[in-house]
Amino acid sequence: MQTILGYSAITSGVALLPMFVSIIVVASGGVATLLPRFGPRPLITGGLLIGAAGMAWLTGIGVNSGYASHLLGPLLVVGVGIGLIYAVALTAGTSGVAPQETGIASACLITGEQLGGAGGTALLNTIAATATISWLRGHLHGRPAPHLVQLAAIHGYTTAFWWCTGIFVGGAVICGTLLRRGTLTRTADVPGREKAVARS
């Protein structure tokens, strides 16, 4: 938005608000209504596939792309996917854990989320920068014109978006394979909970 469309930092932030709104709406609604009925497996897997669809849609951007025509729809789709993933994963990760261990379970989840976010951002930045430089080397004859620099940046972004698509799909396959079917285990059903409560 800033590099190609010339948006200011504030305008870019406002332009991303629809995605965050969709994350909040889907996260709250997904956990409250869908999770008790279907369990985490279809929701997390579906969220990852929805996120993959949004990322694949974003690969259609170009130098002359408009916000409403090329960015708003994909951002909303990605927001729906992320909303399903994060809220359901957090709830599932702490479900069935003995009360005295919920803090540890939650801390492990948040730590993994932070590490994944930092590592993922660094990886995708590296991929985008490498693709941009590679494109410029293959198309550069003399000093790069501003239009060529923009095309190279678009190539870097779309390459990163394709990698994101693949990561989402890979995550969907892993979660669809490893997550248990059915609804979540209630805390009252955790083996040994009665003994832990009696000891406390």
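Contact here means heavy atoms within 4.5 Å. Buried means under 20% relative accessible area, exposed over 50%, and partly exposed in between, with a 1.4 Å probe and protein chains only. Helices (H or I, at least four residues) are DSSP runs, numbered from the N terminus.

The model is predicted: local features need pLDDT of at least 70, side-chain atom pairs count only at pLDDT 80 or more, and totals for chains, interfaces and linings use all residues. Residues are numbered from 1 along each chain as its sequence is written, and side-chain values use heavy atoms, with hydrogens and water left out.

**Helix 2**

Helix 2 buries Met19, Ser22, Ile23, Val26, Ala27, Gly30 and Leu35. Helix 3 and helix 4 are among the elements that cover these buried residues. The helix has a kink of about 45°, centred on Gly30. The bend at a residue is the angle between axes fitted to the seven residues ending there and the seven starting there. Just after helix 2, Gly39 takes a positive phi of about 85°.

Leu35 sits in helix 2. Leu35 counts as buried because its relative accessible area is 4%. Leaving aside residues up to four places away in sequence, Leu35 touches Gly30, Pro40, Leu43, Val88, Thr91 and Leu184. Thr183 is 148 residues from Leu35 in sequence, yet their C-alpha atoms are 7.3 Å apart.

**Pockets**

A pocket is found on a 1 Å grid over the protein atoms alone, using a 1.4 Å probe; it is an open set of points with protein on both sides within 12 Å along at least five of seven lines, and lining residues have an atom within 4 Å of a point. Grid points are joined across faces, edges and corners, and a volume is the space filled by probe spheres set on the points.

The largest pocket has a volume of about 1900 Å³. It is lined by 46 residues, and the closest to its centre are Met55, Ile82, Thr121, Leu124 and Cys164. Helix 2 (17–38), helix 3 (40–58), helix 4 (67–94), helix 5 (102–139) and helix 6 (146–178) each supply at least two lining residues. Helix 5 gives the largest share, twelve residues.

The second largest pocket holds about 180 Å³ of space. Ten residues line it, and Pro40, Ala92, Arg180, Thr183 and Leu184 are the closest to its centre.

The two linings divide by class as follows.

**Cysteines**

A disulfide is a pair of cysteine sulfur atoms within 2.5 Å. The count comes to zero. The sulfur of Cys108 is too far for a bond, because the closest cysteine sulfur, in Cys175, is 17 Å away. Cys108 is exposed, at a relative accessible area of 52%. The sulfur of Cys175 is 16 Å from its closest cysteine sulfur, in Cys164, so a bond is ruled out by distance.

**Loop between helix 3 and helix 4**

Asn64 lies in this loop. Asn64 counts as exposed because its relative accessibility is 77%. Leu5 is 59 residues away along the chain, and the C-alpha atoms of Asn64 and Leu5 are separated by 7.8 Å.
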